Amino acid sequence: IFPNTAIFLNFTAPRFYATATEEEQARQTVGFGPYKLVQWESGVSITQEAYDDYVPAGDHIEFQKPFIRNTRWLWRGETTVMAAMVQTEEADLAWDVGVDAVSSLPENMVKSGGSAEVFALDVNSLWHPELKKKKVRQAMAHAINCQEMIESLYGGHTVCRGNIIWPGVIGATEENTAPYEYNPGLARQLLEEASYDPNNQITILGRDGRIPKQVEVYEAVQFYLQQVGMNVEINVAEVQTFLDSRNCRIGKAVADVLAERGRNVDTSEATLEEFQAALDRGGASCPTSDLFENEPSNETLDFGRQASFYMNCARPQAFICDPSPGGIQEQLPMALAASGDDRQRRLQALADYVHENAFWIGVFDLPMFYAIDPKLNWDPRFDRRIRISTMWFSP
């Protein structure tokens, strides 16, 4: 998967660090890209110009020499100011202006694209007395009218998912990423079959300001679940409290078991029996919650990234742990080591398992909105990265 993960790498010219001063190392770079750094006014702007010695890599548009010779990046804090600068021709492109710009700008000055992220609620399927039940999780998935939610909050500029990946990702299929049917009648039936007890309150834990309309999403999910008879509350916490609670999952419980047994090893070296002991203890020695706001990203286009984070008994972020013989914990290493068709097959099996068991709910792609000069020719990427070298102006 190197071609996919190479997106995270920055290639620097040979011997640059050997000859550059410490300040130059911190504030400059000499790379191989289509643009070179001309000036950096910290907190104000970055000025670049085309690098004439750039060598194109093949005939793909993203690797060609740039059409636009000079570029200046500016920082502005308010999305309304950013959008206004494009309207008054002070800027040609404004990045991440939010969904409200859709109604404040002419149609030909707005573009929407992907962010390589989805919004999802992690489900505490490990220890919560109701969320441990598969039918309760399935009921929740069928109780949420995702399409109505994204149309009212995001103007319909995104799509619902039944997984934290999408078609095109290794391991994904149309079936295991398909959104769950909105069917409140089926949701009530599943809750009845699961002997759901509303006395076991379910709390949505989130943080404010991570994505546009975030609190409104929590409130919509709460409303849908309450409509089928579920007892759901919302807790919007400050960031550190949220992070502490998010990291108090199965990996922390495994660490507690190892410490109690005097085993000074990494949680990844725990045995299947120790993973099971962590499950059986009923939680870690710290507070967690029930439904957690999460925005998993996947620029690598490979489900192995999510599987290794969220389906691994050794990881603090995981709410999925199956240490049974031949179960998910034993399948993970083989899937992550596989390549080609075998990797697709193994990761698909894990993604099928996620979809069938409804381990994430309320899932939809996170959209990215741009204000743009109508004369600027450019199509947004799936991962919100900006490549000026792919743009050009019409006369």
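A disulfide, as the word is used here, is a pair of cysteine sulfur atoms within 2.5 Å. With that in hand, let's look at this structure, which is a predicted model. Searching the whole structure turns up three disulfides. If you number the bonded cysteines in sequence order, they pair up as 1-2, 3-4, 5-6.

Here are the three side by side.

| Disulfide | S to S distance | Torsion about the S-S bond, with handedness |
|---|---|---|
| Cys146 and Cys160 | 2.1 Å | about -105°, left-handed |
| Cys248 and Cys286 | 1.8 Å | 105°, right-handed |
| Cys313 and Cys321 | 2.1 Å | about 100°, right-handed |

**Cys146 and Cys160**

Let's start with the pair that joins Cys146 to Cys160. The torsion about its S-S bond is about -105°, so this disulfide is left-handed. It links distant parts of the chain, 14 residues apart: Cys146 belongs to helix 7 (residues 146-154), while Cys160 sits in the loop between helix 7 and helix 8 (184-193). Are these two cysteines buried or exposed? Cys146 has a relative accessible area of 11%, and because buried means under 20%, Cys146 is buried. Cys160 comes in at 9%, so Cys160 is buried too.

**Cys248 and Cys286**

Next up is the disulfide formed by Cys248 and Cys286, with sulfur atoms 1.8 Å apart. At 105° about the S-S bond, this link is right-handed. Where do its two ends sit? Cys248 lies in the loop between helix 10 (239-246) and helix 11 (250-260), and Cys286 lies in the loop between helix 12 (272-280) and strand 9 (291-294), so the pair ties together parts that are 38 residues apart in sequence. The two ends don't get the same label for exposure: Cys248 is buried, with a relative accessible area of 1%, whereas Cys286 is partly exposed, at 26%. Why is Cys286 called partly exposed? Because its 26% falls between the 20% and 50% cut-offs.

**Cys313 and Cys321**

That leaves the link from Cys313 to Cys321, with an S to S distance of 2.1 Å. Its torsion is about 100°, so the disulfide is right-handed. Cys313 is buried, with a relative accessible area of 0%, and Cys321 is buried as well, at 12%.

**Glu293**

Glu293 lies in strand 9. With a relative accessibility of 1%, Glu293 counts as buried, because the limit for that label is under 20%. What does the side chain of Glu293 reach? It gets to the backbone nitrogen of Arg207, at 3.2 Å. A polar contact of 3.0 Å also joins the side chain of Glu293 to that of Gln214. Setting aside residues up to four places away in sequence, Glu293 touches a whole list of others, among them Phe119, Ala120, Leu121, Tyr218 and Phe242.

**Thr173**

One last stop: Thr173, back in the loop between helix 7 and helix 8. Thr173 has a relative accessibility of 13%, so Thr173 counts as buried. Which residues is Thr173 in contact with, leaving aside neighbours within four places in sequence? They are Pro167, Gln344, Gln348 and Asp352.

Note on methods:
Residues numbered from 1 in each chain as written. Predicted model: local features only at pLDDT ≥ 70, side-chain atom pairs only at ≥ 80, totals over all residues. Heavy atoms only, no water. Helix = DSSP H or I, 4+ residues; strand = E, 2+ residues; numbered from the N terminus. Buried < 20%, exposed > 50% of the residue type's maximum accessible area, 1.4 Å probe, protein only. Polar contact = N/O pair within 3.5 Å; in protein donor to acceptor, adjacent residues only side chain to side chain. Contact = heavy atoms within 4.5 Å.
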